[in-house]
Amino acid sequence: MYHKVFHILLAALLLPCLCEVQGLRLAEQKCQEYRQMIASFTSKVSGRSNDYDTPANGIPAKEGEFPHQVRVGQWFYEDEDTEYVFRCSGALISDRYVLVSGHCFWTMGDKMVSLGRHDYTRNTSLPELLIERDELILHPGTDELVKASYNDIALLSLAEPVTFTSHIYPACLWTEDTLPETQKFTVTGFTTGKLVNDTQDTRLVKVQMSRVANEKCTRAYADGDYYPQGVTDSLLCMASPVEWKASCRGDGGGLLQSLDNDSVDVYRLIGLEAKGHDCDEPHQTYAYTYSKVQKYLEWIESVVWSA
């Protein structure tokens with residue numbers, strides 16, 4: 001009898017904890033799984049931080065600094081005046097899916113995605129993983145034929161699962177409704193590099209960003225066609241303290257992220273670069289827009305973790 005009562009009391013004490021875990025949305029459950037898995041790895045990079053000085057045009061990322069960063073494709077552009085290779089970034093969010101900006105569909109000229117490599121200008125000590133892409137799934141609200149930049153988000157499925165390592169693993173997704181106004185954020189993207197063997201080698205750089213009110217962003221874009229309904233709450237507005245090169249001359253789909261509060265090795269993916277910035281406009285003088293990942297969680301969860 002004593003043992004039966006004891007087990008009943010123990011179950012009553014544990015039930016709130018179990019309910020709390022079970023009550024987490026899928027993205028948070030997966031984040032907990034990722035943190036536990038990543039904690040078992042021997043970290044290749046130390047000293048990750050949200051707080052650093054940003055020189056003009058950003059800081060080259062250290063090898064393995066952003067394990068979720070993916071180069072998802074490239075497309076060669078040429079006209080009478082210029083030529084360059086346009087590439088897109090993506091974020092690994094599971095073993096089979098990469099989250100990308102919707103306008104990255106323009107860069108799907110090749111069939112392979114590259115993981116685990118930040119610098120394509122030289123040989124690196126960490127092995128690169130090349131995986132064939134499968135299907136690009138645009139958000140149902142995306143209209144790639146118009147200039148407006150609403151719902152500019154997509155999922156790229158991979159032909160085979162990624163085996164996670166200490167320098168290749170997913171980012172968690174930001175799931176809270178709001179962002180701290182004083183928090184510092186990091187944007188990553190690939191730069192245009194030197195022309196080598198008929199392709200422009202590139203490397204990943206990071207730039208520190210701070211929040212800008214959406215109302216201010218709406219005024220900044222008032223004369224353009226990208227946001228006819230204004231910069232809505234499905235978007236975030238960011239600005240850099242320094243000038244950096246327009247990403248459209250090397251990379252699109254830049255990632256907006258911040259280190260997770262509970263781990264120095266895990267990033268939270270907050271936003272994906274949206275259309276709306278002209279190539280000749282320095283980012284310093286212009287508020288820059290990102291699709292807010294939190295607003296698309298239900299769609300992401302239904303595709304990525306539906307099983």
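The structure is a predicted model in which local features need pLDDT of at least 70 and side-chain atom pairs count only at pLDDT 80 or more, whereas totals for chains, interfaces and linings use all residues. Residues are numbered from 1 along each chain as its sequence is written, and side-chain values use heavy atoms, with hydrogens and water left out. The mean pLDDT (the predictor's confidence in each residue, from 0 to 100) of the chain is 81, and 76% of its residues reach 70 or more.

Helices (H or I, at least four residues) and strands (E, at least two) are DSSP runs numbered from the N terminus, and two strands are taken to pair if DSSP finds at least two bridges between them. Strand 17 (residues 288-292) is mostly covered, since 5 of its 5 residues are buried, where buried means under 20% relative accessible area, exposed over 50%, and partly exposed in between (1.4 Å probe, protein chains only). Strand 17 runs antiparallel to strand 13 (residues 235-239), to which it is joined by 4 bridges, and in this pairing Leu-236 has Tyr-290 of strand 17 as its bridge partner. Strand 16 (residues 267-273) is likewise antiparallel to strand 17, with 3 bridges between them, and Gly-271 stands opposite Lys-292 of strand 17.

A nonpolar core is defined here as a set of buried Ala, Val, Leu, Ile, Met, Phe, Trp, Tyr and Cys residues joined through side-chain atoms within 4.5 Å. The largest such core has 27 residues, of which Ile-93, Leu-99, Leu-155, Leu-173, Leu-269 and Ile-300 touch the most other members. Two or more residues are given to this core by each of helix 2 (26-39), strand 4 (97-100), strand 8 (172-173), strand 16 and helix 4 (297-304), and helix 4 gives the most, with 5 residues. Leaving aside neighbours within four places in sequence, Leu-155 is in contact with residues including Ile-93, Leu-99, Leu-136, Trp-299, Ile-300 and Val-303. A second, separate core of 23 residues includes Val-187, Met-209, Tyr-221 and Leu-256.

Side chains of opposite charge can pair when their charged atoms come close. With a salt bridge defined as a side-chain nitrogen of Lys or Arg within 4 Å of a carboxyl oxygen of Asp or Glu, the count comes to 13. Within helix 2, Lys-30 and Glu-33 lie 3 residues apart, about one turn of the helix, and their side chains meet in a salt bridge (3.6 Å, N to O); Glu-33 is partly exposed, with a relative accessible area of 43%. A salt bridge is also formed by the side chains of Asp-260 and Arg-35 (3.1 Å, N to O). Because Asp-260 lies in the loop between strand 15 (255-259) and strand 16, and Arg-35 in helix 2, this pair ties together parts that are 225 residues apart in sequence. Asp-260 is buried, at a relative accessible area of 7%, and Arg-35 counts as buried at 18%. Asp-119 forms a salt bridge with Arg-122, their closest N and O atoms being 3.2 Å apart; here Asp-119 is buried at 10% relative accessible area, whereas Arg-122 counts as partly exposed at 44%. Salt bridges with shared partners join Glu-28, Arg-35, Asp-260, Asp-262 and Arg-268 into one network.

How values were computed: Contact = heavy atoms within 4.5 Å.
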